[in-house]
Amino acid sequence: LAALPENTVACVVAVFPASDRMVVGGYQIVKGVPVHKTMAGSDPIKPVHSSCVETEFRQQTTLPIASVSLTHVSSGGALLQEDVEKKLADGNRILVFDAISFADIAVIAEVMEAQGRPWIAVDPGPLTQKACELVAQDKPRMMKKQTRGKVLIVAGSASDLTNTQVKYLKNQTDAKIVTVDVRPFIDSDEPHPNEAILAKRIQMLSQMSDIIGIKSAGYTDMLIDINLEAEKRGLTTDDITGRITHALARIVSLVLGDEQAPEFKGIYLTGGDMTVAFCQECKVQALELYGEIQPHISYGRLIGGFADGMPLVTKGGMIGDTDTILACIDYMLTH
């Protein structure tokens, strides 16, 4: 909002009906459970302490915020329009909406678009998609079908679900995933000699399997206490996790930037911070998104950098089912 015109409004709809994620009475509910009581509440890096969406936003900004109830949203057009107009007239820059269905999301997008002022969608995808449909002029481009080939996996998330997904993948395929001891990387932002060694190891494994990659083992497997390590160094937990994700990303950049690197057909990234670090270290200029494989799992292609034009799948660390990585790899190689 700071970078956009002063009358721009943020429309927050933290809802994804396909994965049973909704907001009722201002509280985000996932499969009938308040989000702070799900796995997100015990996340080792950024635990969710409250299920109240407005509360979470108020802790991060001084901009005026207002919530729009499910009563107004479900009533549709006129009543919702009137409520939104009143809240905007009161000077609110962020509107937090209740919603439980795609129909709710659609009417929210239509009402916001009818305001005649710039607005941004803050959501896990459905609101953004609906907003794009309202203003789209061209049909979405489709990816060409790819032949089978090698896939590079970068699992930066340390969630239990990611560990389970990687274990399932290894049980079902001949995937070669290097488990990285991240402890050497937490003392400095500078490249570490281990990075080049690990990159060479990945290249060697590419001669043995079509599915290769790296997995962070720093948060649980190697018994690192992120908060303690940060306190020792006078840093924040974000500083420590940033050093880890950037080290993993540099390893990948060495693999992709090597003239002898195998011809990868795609890259699979787990973890939002991991995706950001990857883009920065590999000089990616943009991600061109084509759609979703499963809820919250996006696919598209890289623009610019060491892997320009390469297909990409990216998802959060707590997203998907046990077989998600395998399903995503198959999708990436055949679409």
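Is C282 buried or exposed? C282 is buried, at a relative accessible area of 1%; buried here is under 20% relative accessible area and exposed is over 50%, with a 1.4 Å probe and protein chains only.

1. Ground rules. This is a predicted model, where local features need pLDDT of at least 70 and side-chain atom pairs count only at pLDDT 80 or more, while totals for chains, interfaces and linings use all residues. Numbering runs from 1 along each chain as its sequence is written, and side-chain values use heavy atoms, leaving out hydrogens and water.

2. Cysteines. You'll find zero disulfides (cysteine sulfur pairs within 2.5 Å) here. For C282, the closest cysteine sulfur sits in C279 at 8.0 Å, too far for a bond. C11 is buried too, with a relative accessible area of 0%, and its sulfur is 13 Å from the closest cysteine sulfur, that of C132, again too far for a bond.

3. Helix α3, length. Helices are DSSP runs of H or I with at least four residues, and strands are E runs of at least two, both numbered from the N terminus.

4. L80, Q81, D83, V84, K87 and L88 are its buried residues. They lie on the same side of α3, because their arc (directions from the helix axis to the C-beta atoms) covers only 165 degrees. The face turned away from that side carries exposed A78, E82, K86 and A89.

5. Around α3. The cover over its buried residues includes β1 (9-12), β5 (65-68), α2 (70-75), β6 (94-97) and α4 (102-113). After α3 comes G91, with a positive phi near 95 degrees.

Methods. Contact = heavy atoms within 4.5 Å.
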